[in-house]
Amino acid sequence: MTTGASIPHAADAPTAASSSSSPAGRPGWPRRRPRPGAILLNIGLLVFAAIMAAPLVWLISTSFTDPAEAFQIPPNWLPKQPTLANAASVGELIPFGQMALNSLIVAVVTTGGSLIVSVLAAYAFSRFRFRGRSSAFMVMLSAMMVPAQLLIIPVFILMRSLGLVDTLVALWLPGLIHVFSIFFLRQYFNSIPRDLDEAAIIDGAGHLWILFRMLVPLSGPALSALAILVFEASWNNYFAPLIFISTPENMTLPLGLVTLQDAQAGAAPATLFAAMTMIVVPVLIIFLIFQRQFVASIATAGLKG
């Protein structure tokens, strides 16, 4: 027997269970409002980032500004009439191209060579069991506490004995041993389970296969972060070229910048700003390219200890 009232279909009426299980953010459902503390934190971070980026923006802007308008007060954050005359003046005063090539050679060789040496040494400290391993590792770490100014005298005597003074080899050869890279990679290798090594050994793999076909691909973020740090340190290194290099043909960019500054005393400082910009931009581009790997390596190191 039927009544006059119609029974609604179950699909036509939303249930409490479906409403509670629907994720926030879907159409028809209210979104979660951000907390005031998070908003204030984001604003503070944006202000801090703007303060940190202001000198870099002013440096790049001034390098494209006419010298007569470069240092007006208040400063011009954007050049009214951009010009490349300042950059052209740098090439006329110093052999900028040759210096940039020297810096690139030293930075690339130092970065690649130090990573290879660090990977091999870190694998030995992480996977091999030999007498005195802990003592040797602690002695190696103690070298990080010795200032470079104390080591430069014996290194200079060694380079002079080898006949490498005033050559690019004297700049990248001592940089192949990078203690921090060895320490960082050793800690990273320790976070990788040894079960993978044992499985590879059962299949007949050797140590070099395990290192370069398994551990190195798994350590991509760490290697990218170290590559950025070593490249930046070598590219901006001023102390070593000051000690070992004397001829303009073998100078790197930091030493050439000081030479340009001495030669241009009383000239337009915008020329120096253009030279600084040409030195900073390559490192900035490399960091922007590998920033994801750099952040991933820091996050992984924080999670794995």
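Reply: On a 1 Å grid over the protein atoms alone, a pocket is an open set of points where a 1.4 Å probe fits, with protein on both sides within 12 Å along at least five of seven lines; lining residues have an atom within 4 Å of a point. Grid points are joined across faces, edges and corners, and a volume is the space filled by probe spheres set on the points. This is a predicted model, in which local features need pLDDT of at least 70, side-chain atom pairs count only at pLDDT 80 or more, and totals for chains, interfaces and linings use all residues. Residues are numbered from 1 along each chain as its sequence is written, and side-chain values use heavy atoms, with hydrogens and water left out.

Me: What volume does the largest pocket have, and which residues lie nearest its centre?

Reply: The volume of the largest pocket is about 1,100 Å³. Its lining comprises 33 residues, with Ala148, Pro174, Gly175, Ile177 and His178 nearest the centre. Helix H6 gives the largest share, 7 residues (helices are DSSP runs of H or I, at least four residues, numbered from the N terminus).

Me: Which residues line the second largest pocket?

Reply: Its lining consists of Ile228, Leu229, Glu232, Asn236, Ile279, Val280, Val283, Leu284 and Phe287. H11 and helix H14 (269-289) each give two or more residues to this lining, and H14 supplies the largest share, 5 residues. The second largest pocket has a volume of about 190 Å³.
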